[in-house]
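Biologist: I am new to this one and would like to learn how to read it. Could you walk me through a few features?

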Amino acid sequence: MDASAMSTLRKAIREAVAESPDETLPLPDNPNPASPSPFLPIIKDVVRTHPSDAPRVAADCVILHLRSKDSEERLGAMLVADVLFRRSQAFRSCLVPSMEVIISNATGCKQENPLPPPKKYAKKLPGISVKILEAWAESFGQKYKPLALAWTFVKTKMKLHAPSREEVSAQRALERREAELQRRVRE
């Protein structure tokens, strides 16, 4: 990867993280923001065209921004990481060894490392990060053991119970049966 491409990638990640992340980057609940970041296509293109070096540079940049003293910047880093994590096996391989840094700086589940201001983003960051980690673990946890272990830690530490797909399907089937029984009773 030449110096120009590396510089372009670092700058695009810095800019994507710096803009209002909850308005310009895809969120777990809203994958299509109203005004999408113009930097995401640049980031994706550089990672795609330089598959041997760009994922490592991108992962290092994301981790750097996750260590920031600003929750808004951390949120932006998580959202950029989410986009790349879902699309690039090479990026996943580079980022998975840093799960402890991600958990420590994005979920707020370690009391010795509280989330920094601004408060607005410090409140949003844990919820969004947990949703992202859950989606990653569900999609890629079988292949990446550190990711599966990180998700188990977060669920245990934050006392979460995220129902499995089977549990959700069973609950929906039960609700349908109950609704059908109630409908028959009314008739």
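Predicted model: local features only at pLDDT ≥ 70, side-chain atom pairs only at ≥ 80, totals over all residues.

Biologist: Which residues of α4 are the buried ones?

Modeller: They are Ala54, Pro55, Val57, Ala58, Ala59, Cys61, Val62, Ile63, His65 and Leu66.

Biologist: And which helices do the buried residues of α4 pack against?

Modeller: Their partners are α1 (3-18), α3 (40-49), α5 (71-87), α6 (89-95) and α7 (99-107).

Biologist: What span should helix α4 have, given its 13 residues?

Modeller: Counting 1.5 Å a residue, α4 (residues 54-66) should span 18 Å, and its end C-alpha atoms are 18 Å apart, so the two agree.

**Aromatic rings**

Biologist: Now the rings, please. How is a pair of aromatic rings described?

Modeller: By the distance of the centres and the angle of the planes. In this model, a search of the whole structure finds 2 aromatic pairs. In one, the ring centres of Phe85 and Trp136 are 3.9 Å apart and the planes meet at 15°; planes under 30 degrees apart count as stacked, so this pair is stacked.

Biologist: Where in the chain do Phe85 and Trp136 lie?

Modeller: Phe85 is in helix α5 and Trp136 in helix α8 (residues 119-140), so the pair ties together parts 51 residues apart in sequence. Both Phe85 and Trp136 are buried.

Biologist: What about the rings of Phe85 and Phe140?

Modeller: Their centres are 5.6 Å apart with planes at 75°, and an angle over 60 counts as edge-to-face, so that is what we call this pair. It also links distant parts of the chain, with Phe85 in helix α5 and Phe140 in helix α8, 55 residues apart.

Biologist: Is Phe140 buried or exposed?

Modeller: Buried means under 20% relative accessible area. Phe140 has 17%, so it is buried, and Phe85, with 0%, is buried too. Together, Phe85, Trp136 and Phe140 form one aromatic cluster. Arg92 lies over the face of Phe140, at 4.0 Å from the ring centre.

**Two helices side by side**

Biologist: At what angle do α7 and α8 pack?

Modeller: At about 150°, with their axes 8 Å apart. Angles over 145 degrees count as roughly antiparallel, so α7 is roughly antiparallel to α8.

Biologist: Which residues make the contact?

Modeller: From α7 come Met99, Ile102, Asn105, Ala106 and Thr107. From α8 come Leu125, Pro126, Ser129, Val130, Leu133 and Trp136.

Notes:
Residues numbered from 1 in each chain as written. Heavy atoms only, no water. Helix = DSSP H or I, 4+ residues; strand = E, 2+ residues; numbered from the N terminus. Expected span 1.5 Å × (residues − 1). Buried < 20%, exposed > 50% of the residue type's maximum accessible area, 1.4 Å probe, protein only. Contact = heavy atoms within 4.5 Å. Phe/Tyr/Trp six-rings, centres within 6.5 Å; stacked < 30°, edge-to-face > 60°. Lys NZ or Arg CZ within 6 Å of the ring centre and 35° of its normal. Axes fitted to C-alpha atoms, helices over the stretch in contact; angles between N-to-C directions. Parallel < 35°, antiparallel > 145°, perpendicular 65-115°, else oblique.
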